[in-house]
Amino acid sequence: MPNPKFYITTSIAYANAAPHMGHAYEEFLADVIARYKRNRGMDVFFLTGTDEHGTKICRTAEKNEMPVQEFVDKNAEEFQRFYASINSSFDGFIRTSDKKQHWPGAQTLWKKLAEKDDIYKSKYTGLYCVGCEAFVGERDLINGLCPNHNVPPEKVEEENYFFRLTKYADIIRQKLENDEIRIVPEARKHEIIALIKEGVSDVSFSRPQSQIPWGIPVPEDPNQVMYVWCDALTNYISALGYGSGDETNFTKYWPADVHVIGKDILRFHSLLWPAMLLSAGVALPKEILVHGFITSGGKKMSKSIGNVVDPKEFVEKYGSEALRSYFSRDLSPFEDGDFTEEKFLESYNANLANGIGNLVSRTIKMTETYFEGKAEMKDEMEVLLKGKDGAPDISVKDYLNHEVFPAYHGHMERYELNRATDTIWAVIKKLDGYVTDYEPYKLIKTNQEKTEAVLANLLYGIHAITHMLTPFMPETSKKIDEILGVTLSEDGTANTFSVRHVDTPLFPRR
Ligand code: ME8
């Protein structure tokens, strides 16, 4: 039996500026899930990339006095470099200006919709927000301004192609209601269903080439270029070879098991995209994970407020593992979350320096001092974790197998990533308590055998921690495992340790 496949994507970031903290977070979320699924033995394809067409990019390139292609090349490279610097394990990076891989996919899909008679030409008179790259209605505005960008939308009057979204709205609403397309978290599902119930219109699906020269030409009508969202959404299949010749990956990995996106682009992914796929007769994505927004000091990060935290500078200063740790511990994937340097430092010291760093260093030190760095798990001498508040005592192994792992995997499967790390940090706390209860630094004077059992249990517990922590902090987990010098027994559990000396703390206090 081949391993089950798992196809996960991020949205594709606009290549009109350097990556921001929101991009870093979304990439991190998808990376944690991809790493977790790989560790579970799945055949994972993790796709990320950049969205390189549209009015916004075209205008920003002009402002920067650069040819558009050069401008997006530079930014796409910056995204790739940044994602690599935060240890993203992506398998594919799609760029929508890629004429070999992406354009044929987008044009093939367009033709399918046209064959279905789901595309027609009509006059569009209305409003367009360049920031959103979206046609907006009066009801979307607050005091005449786009609430996302605080600017008035532009008036547009032009001859466009339209896509018959109305034809599919009801079917999609049903598929959302019965979780055929599952939206996580549940609240976002209700939000999109309510939006569909308010009423849906057909969408303008192209722009005149004279208005926006930077985009994919509409098949058989070079006077029109595709609307940027029509082109961008197709990336999820064009990256797998759809429409460009070799469809091996498309056949193998599609449909997406999960699209990871931010809350502002929910309607494109849970309505427009499924409608396009239904029209083309292509299978629908199974799940959409919708994350919240990162703010700074409770406010949207903005240059004028001066609260922007640049993720690249941040990684240069503190390292990618520290950033990943903050994302893991302090943000919930389903809600908005705050990022400030002050909060980061607090979390760093509590979770890393005093938390895992301290537990590892004192355990290693005692093993070195009392047993020349060697310890072995022996069944005949169990030293139990003391049950608190009337709970019975329990062995470290049983505690991990019966309480910790089931809770951890449950959270991971439900994408409750911060709750999964709560489970990990509960183990750290438990092991700290174990040291306090048995005081190996005193016990060594009276009972050497029992002290070794305590240390072996601690090392065993730390190995369980690194195992669970790998998707979140891959480098730290690897480093700690090297320090532990673990040898696994036949059943795959750690049984002997030969610890390595460390001179510098894993996470010095900051
Ligand atoms: O929307 N916090 O690109 P984008 C968390 N090209 N996430 C945030 C955020 C924040 N402050 N700001 C933005 C696009 N995001 C399109 C996608 S997909 C076919 C096309 C998230 O660069 C946002 O929700 O504006 C989106 O998921 C991602 O960053 C890219 O945003």
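## A buried glutamate in a loop

Let's start with E416, which sits in the loop connecting α14 (396-413) to α15 (417-438); helices here are DSSP runs of H or I with at least four residues, strands are E runs of at least two, and both are numbered from the N terminus. E416 counts as buried because its relative accessibility is 15%, and the label buried applies under 20% relative accessible area, with exposed over 50% and partly exposed in between (1.4 Å probe, protein chains only). Leaving aside residues up to four places away in sequence, E416 touches F334 and H411 (contact means heavy atoms within 4.5 Å).

## What you're looking at

This is a predicted model, where local features need pLDDT of at least 70 and side-chain atom pairs count only at pLDDT 80 or more, while totals for chains, interfaces and linings use all residues. Residues are numbered from 1 along each chain as its sequence is written, and side-chain values use heavy atoms, with hydrogens and water left out.

## Helix α18 and its cover

Over in helix α18 (residues 474-484), the buried residues are P474, T476, S477, I480, I483 and L484. Their cover includes the helices α1 (21-39), α12 (320-330), α13 (341-371) and α17 (448-469), plus strands β19 (486-488) and β20 (494-498).

Strand β15 (residues 294-296) runs parallel to β17 and pairs with it over 2 bridges (at least two DSSP bridges are needed for strands to pair). Within this sheet, I294 is opposite G337 of β17.
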